[in-house]
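Hi everyone, thanks for coming.

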Amino acid sequence: MQRITILGATGSIGVSTLDVLARHPERYSVYALSAHSRVEELAAQCVQFRPARAVVGSAAAADRLGALLRAAGVATQIEFGEAALCAIASAPEVDSVMAAIVGAAGLAPTLAAARAGKKVLLANKEALVMSGQLFIDAAADAGAVLLPIDSEHNAVFQCLPSSYGRQPGASGVAKILLTASGGPFLTRAVDTLDAVTPEQACKHPNWSMGRKISVDSATMMNKGLEVIEAHWLFGAPADQIDVVIHPQSVIHSMVSYVDGSVLAQLGNPDMRTPIAHALAYPERIDSGVAQLDLTQIATLQFERPDFARFPCLALAFDALRAGGTAPALLNAANEVAVQAFLDLKIGFRQIDRVIARVMEALPHGAADSIEAVMSQDALARGAAENFIAGLAK
Ligand SMILES: NC(=O)c1ccc[n+]([C@@H]2O[C@H](COP(=O)([O-])OP(=O)(O)OC[C@H]3O[C@@H](n4cnc5c(N)ncnc54)[C@H](OP(=O)(O)O)[C@@H]3O)[C@@H](O)[C@H]2O)c1
């Protein structure tokens, strides 16, 4: 029986994870669940899965959850705050941690899971983008197993040899090819992009996801963050990672080898496939996802990304090449800009301008400690907020 903590249980990935777990009660039990403010959703999950512990974002949310669970006769222990998130991620009772909090808020608990040597199912790409080598070293030192949940990285993982040791050359890997749908604005006239609404930006053609990652997909910052994530997960330099636009989202990514072979992983666009793969690895279990019917796919298209249409992708490659805390600055500026767009404070095309201004204004430093990373994160958030306030005047 594998005992699991889900960080971010009420989100899109969290709900998909619980869906897979519910199909295999003989293999998995839920040790702890977390949410930030969606208390009613978390309460319903606690009633169904009976975790030993549940963590929320505030004392008020903990009180509300307590009242709901008492009324339902559920004896889950309720806590709140970052220290409690770290505790449920590192508790000795836990085997595997699904890291599915969105954004930088997920760094501390995801790192706690890695430091405790857990099997870490990594959906929270922002944590790895921010902390890079520090995270990889912490996982290696503690003997943690990192399994990618992002469909692209999970696909790459499946296409690499099982003996792969983060050295592309040693395994004959020529390139990692990350596919990208191009999001909802792949063909929309660029000069109309400033008029798009959050609802339009969040309407992804193939995937159903949380709002932040949906906007990131529309700007292609999501792919940029994934390029940085691929660098850290697979040890590939920026020049060995290509982004390929593939609007159908059937091929989830590929690895090309020096002998000319290209291995791809295909499937219907449903996150339960990579979640089930990582949960059961190296075995395979039913995920609830329908089998891909190749005869129903008329065409598979591929094209190069247009960096002028998607400046966020170029900014992410720049940050990866700059190294140090540059990816943490990029991530923090992006989180602030995306929230400002969702709050109707800035237009869609101002997201990349805010990030570019922050990257120009703040010199990056060495990412030699989590404290250094978090202090750059705070600086970038302040700079982005100031810049957005100036835009609004
Ligand atoms: N969705 C996908 O298909 C997908 C695919 C690949 C990778 N990912 C990655 O997976 C992560 C989660 O994405 P998602 O789409 O599932 O996001 P989501 O639907 O927005 O869910 C986010 C989860 O994090 C919690 N949360 C939000 N802010 C928090 C905070 N400050 N402190 C603690 N918890 C907080 C939320 O709680 P409340 O519900 O209470 O707000 C919720 O449980 C992201 O890093 C994303 O890039 C997602």
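A quick word on ground rules. This is a predicted model, where local features need pLDDT of at least 70 and side-chain atom pairs count only at pLDDT 80 or more, while totals for chains, interfaces and linings use all residues. Residues are numbered from 1 along each chain as its sequence is written, and side-chain values use heavy atoms, with hydrogens and water left out.

Let's start with the layout. The protein chain is assigned domain 1 (2-148), domain 2 (156-297) and domain 3 (323-392), with bounds that come from an automatic or database domain assignment. Between domain 1 and domain 2, the C-alpha centres are 24 Å apart. Their contact, meaning heavy atoms within 4.5 Å, takes 28 residues from domain 1 and 27 residues from domain 2.

So where does the ligand lie? Both domain 1 and domain 2 give residues to the shell around the ligand, so the ligand lies between them. There are 23 residues around the ligand, and T10, H36, S37, R38 and E126 come nearest; to be near, a residue needs a heavy atom within 4 Å. By type, the shell has 11 nonpolar, eight polar and four charged residues.

A polar side-chain atom of R38 is 2.6 Å from a ligand oxygen atom. On its own the ligand exposes 890 Å², and the protein buries 88% of that (Shrake-Rupley method, 1.4 Å probe).

On to our two residues. H252 sits in strand β10 (residues 251-257); strands here are DSSP runs of E, at least two residues, numbered from the N terminus. Is H252 buried or exposed? Its relative accessibility is 7%, so H252 counts as buried, which means under 20% relative accessible area (1.4 Å probe, protein chains only). Leaving aside neighbours within four places in sequence, H252 has contacts including W207, Q265 and P269.

Finally, A238 is also buried, at 11% relative accessibility. Beyond its neighbours within four places in sequence, A238 is in contact with F317, L320 and R321.

Terms used:
Polar contact = N/O pair within 3.5 Å; in protein donor to acceptor, adjacent residues only side chain to side chain. Nonpolar A, V, L, I, M, F, W, Y, C, P; charged D, E, K, R; others polar. Helix = DSSP H or I, 4+ residues; strand = E, 2+ residues; numbered from the N terminus. Buried < 20%, exposed > 50% of the residue type's maximum accessible area, 1.4 Å probe, protein only.
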